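Trainee: I would like to go through the pockets and the core of this model. Can we start with the terms?

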Amino acid sequence: ASFKTAQEFDSAFDNVVQQTGITGAALEGLKTDAKAVFSDLPVDIDKAAGVMGVLKQRIDLTGESAQGLGKQLLMMGTDDAAASTELYTRVMGDWSIKNEDAGVTLDKLFKVSQTTGVGIDDLMSKVVQFGSPLRLMGYSIEESAAMFGKWEKEGVNAELVMGSLRIAAGKFADAGVPLKKGLRDTISEIAGMDDASAALAKGMEIFGARAGPDMVAAIREGRFEIDDLVKAMGDSEGAIMDTAQATWDFGERLQVMKNRAKTALEPIGATMMDTLGKVVDKV
């Protein structure tokens, strides 16, 4: 059992080396982190090693911080945890999220996914794809994620809305109006108009003739009202792990026990492999 376990671990870490080029002391640290994550979760060692390898390669995260974030990424329930990890590191880079804030921010994105039904990978893709114009307009990552989640839930075409916002941003810039103020004032004005025709005219003036009607409809139907969802995100710390552990039954708990046993057996098997390797070399 020790020998077989050591082979599984060795294969998983070989894959990480091939994909990331991590070697030496960095690889040993990655192994320690991956084993710690593996022993606490009902996952395979190759998945744990893959996620930890991406975190080390892309944001140079190690130790307890890496282990905590790695557990969250493995427990989100996506089809490919390593690919989701790559996507989230892009979110971090695009929005300048510090390593120490990564776990809390991921919980917030997960909360939006839970509340609205938008896939977490799709949500992360959107906040990266449209991150630059949203930041120029003064939106935070929490507000941006809340909007995309709400739009997905309510059937709003996010690409069309973002195209409209870009048009508006250009007009505000030409007029010397701060983007954040101009957009929020326009949304407030259109939402408060009693005359629907006047609201439509204002929308077409700011957002363009093609997308103006859809934008006016979205504004007057409350599609930009995200305060409640943003507030809910503030209470989301621990959301991923709490959700995962709430769904664990006998099977998951048995798997965790097996993983801890394998983690204890692996050093014995590794010594056996090393010894047998030397014997083979002699032969």
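Mentor: Helices here are DSSP runs of H or I with at least four residues, numbered from the N terminus. Keep in mind that this is a predicted model.

Trainee: Which helices each supply at least two residues of the lining of the second largest pocket?

Mentor: This pocket has a volume of about 150 Å³. Its lining holds 13 residues, with Q72, E100, A102, G103 and V104 nearest the centre. Two or more lining residues come from each of helix 4 (63-74) and helix 6 (102-116).

Trainee: How do the residues of that lining divide by class?

Mentor: Take the second largest pocket again, lined by 13 residues. They split into four nonpolar, six polar and three charged.

Trainee: Which helix gives the most to the lining of the largest pocket?

Mentor: The largest pocket holds about 250 Å³ of space. Helix 9 (141-154) and helix 11 (179-192) each bring at least two lining residues. With three residues, the top contributor is helix 11.

Trainee: How many charged residues are in the lining of the largest pocket?

Mentor: The lining includes Y139, M147, E143, R184, E225 and D227. By class there are seven nonpolar residues and no polar ones, and the charged count is four.

Trainee: Which residues touch the most other members of the largest nonpolar core?

Mentor: That core has 83 residues. The residues touching the most other core members are Y88 and F224.

Technical notes: Residues are numbered from 1 along each chain as its sequence is written. This is a predicted model: local features need pLDDT of at least 70, side-chain atom pairs count only at pLDDT 80 or more; totals for chains, interfaces and linings use all residues. Side-chain values use heavy atoms; hydrogens and water are left out. A nonpolar core is a set of buried Ala, Val, Leu, Ile, Met, Phe, Trp, Tyr and Cys residues joined through side-chain atoms within 4.5 Å. Buried means under 20% relative accessible area, exposed over 50%, partly exposed in between (1.4 Å probe, protein chains only). On a 1 Å grid over the protein atoms alone, a cavity is a set of points where a 1.4 Å probe fits but cannot get out, and a pocket is an open set with protein on both sides within 12 Å along at least five of seven lines; lining residues have an atom within 4 Å of a point. Grid points are joined across faces, edges and corners, and a volume is the space filled by probe spheres set on the points. Ala, Val, Leu, Ile, Met, Phe, Trp, Tyr, Cys and Pro count as nonpolar, Asp, Glu, Lys and Arg as charged, and the others, Gly among them, as polar.
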